[in-house]
Amino acid sequence: MAKLYFRYGAMNSGKSTALLQAAYNYEERGQRVLLAKPEIDTKGADQIESRLGVSRTVDFLVATGADARESFRAAAGDAPIACLLVDEAQFLTPGQVDDLLRIAVLDDIPVLAYGIRTDFRTEAFPGSARLLELAHSLEELKTICRCGRKAIFNARLIDGRFVFDGDQVAIDQGLTTGEVTYESMCAVCYLTESGGRLDGR
Ligand SMILES: [Zn+2]
């Protein structure tokens, strides 16, 4: 039986790089893989972009409200698929994560989902929460905070200043509020910047 894998980490922990490397490893052995991401992620639209400069177009986007298993079947066609790789998996709905488990277990195709565990307020993304519940295998991809500790949170900055309230999703948008960026941080540095607040409290 194939398995559902969730490889999670803070921002800039190399998730897209790891995904593209995994795809390459399959293809080097002559096996076909499919790459997907949720449509909600506006960053790079249909591209999976590694910070190392490698990028690749996804085979299909999982539209909001779509059945991910049906989307996968439509993209796969009749040729055998060795693996499904999903980037930005935190933006899937819980129901779409359920679909990923069905692909792994019922269709016997390994599914590797990569994503961020929590948002800038330290709350789990709905897709990530479901992946933590369902995945056969959890693997943390690590990156370091500016202080050298392991980063586990993603602090949000607007025009270079930390904010701890706002919508869960605000990806590189030139909002009227200013330029949104993120910094991967350890709990010590996060709580120092937030004045002890977590979850906006
Ligand atoms: Zn730190």
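I began with the UniProt record, an unreviewed entry, which places the feature "binding site" at Tyr182. Before going further I noted that I was working with a predicted model, and that an annotation of this kind may be inferred rather than shown by experiment.

**Entry on Tyr182.** I looked up where tyrosine 182 sits and found it in strand β12, which runs over residues 178-185. Setting aside residues up to four places away in sequence, I listed what tyrosine 182 touches: Met11, Phe120, Asn154, Ala155, Arg156 and Leu157.

I traced glutamate 88 to the loop between β6 and α3, and I found it buried, with 27 other C-beta atoms within 10 Å.

**Entry on Glu70.** I then turned to glutamate 70, which lies in helix α2 (residues 68-76). I recorded glutamate 70 as exposed, because 11 other C-beta atoms lie within 10 Å and the limit for that class is 12 or fewer. How far apart are glutamate 70 and aspartate 99 in sequence and in space? I noted 29 residues along the sequence and 8.7 Å from C-alpha to C-alpha.

**Entry on helix α4.** Which residues of helix α4 (residues 126-134) are buried? I wrote down Gly127, Ser128, Arg130 and Leu131. Around the axis they cover an arc of only 160°, so they lie on the same side of α4. I kept in mind that an α-helix has 3.6 residues a turn, so residues three or four places apart point the same way. I also checked what covers the buried residues of α4, and the list includes β1 (4-8), α3 (94-105) and β7 (111-115).

**Entry on the nonpolar core.** The largest nonpolar core holds 46 residues, and those that touch the most other members are Leu35, Leu84, Leu85, Val86, Leu100, Val111 and Ala113. I went through the elements that each supply at least two residues of this core and found β1, α1 (15-28), β2 (33-38), α2, β6 (83-86), α3, β7 and β9 (153-158). The core draws at least three residues from each of domain 1 (4-140) and domain 2 (153-194). I took leucine 85 for a closer look and, leaving aside its neighbours within four places in sequence, found it in contact with Leu19, Ala22, Ala23, Val33, Leu35 and Leu112. As background I noted that in soluble globular proteins, nonpolar side chains tend to be buried together.

**Entry on the whole chain.** The C-alpha atoms fill a box of roughly 55 × 30 × 30 Å along the principal axes, and the centres of domain 1 and domain 2, taken over C-alpha atoms, are separated by 24 Å. Of the 201 residues, 36% count as buried. Lastly I looked at contacts between residues at least 6 apart in sequence, and noted that 77% of them join residues at least 24 apart.

Conventions. Residues are numbered from 1 along each chain as its sequence is written. This is a predicted model: local features need pLDDT of at least 70, side-chain atom pairs count only at pLDDT 80 or more; totals for chains, interfaces and linings use all residues. A residue is buried if 20 or more other C-beta atoms lie within 10 Å of its own, exposed if 12 or fewer, and partly exposed in between; C-beta atoms are placed from the backbone. Helices (H or I, at least four residues) and strands (E, at least two) are DSSP runs, numbered from the N terminus. The arc is that of the directions from the helix axis to the C-beta atoms. Two residues are in contact if their C-beta atoms, placed from the backbone, lie within 7 Å. A nonpolar core is a set of buried Ala, Val, Leu, Ile, Met, Phe, Trp, Tyr and Cys residues joined through C-beta atoms within 7 Å. Domain bounds come from an automatic or database domain assignment.
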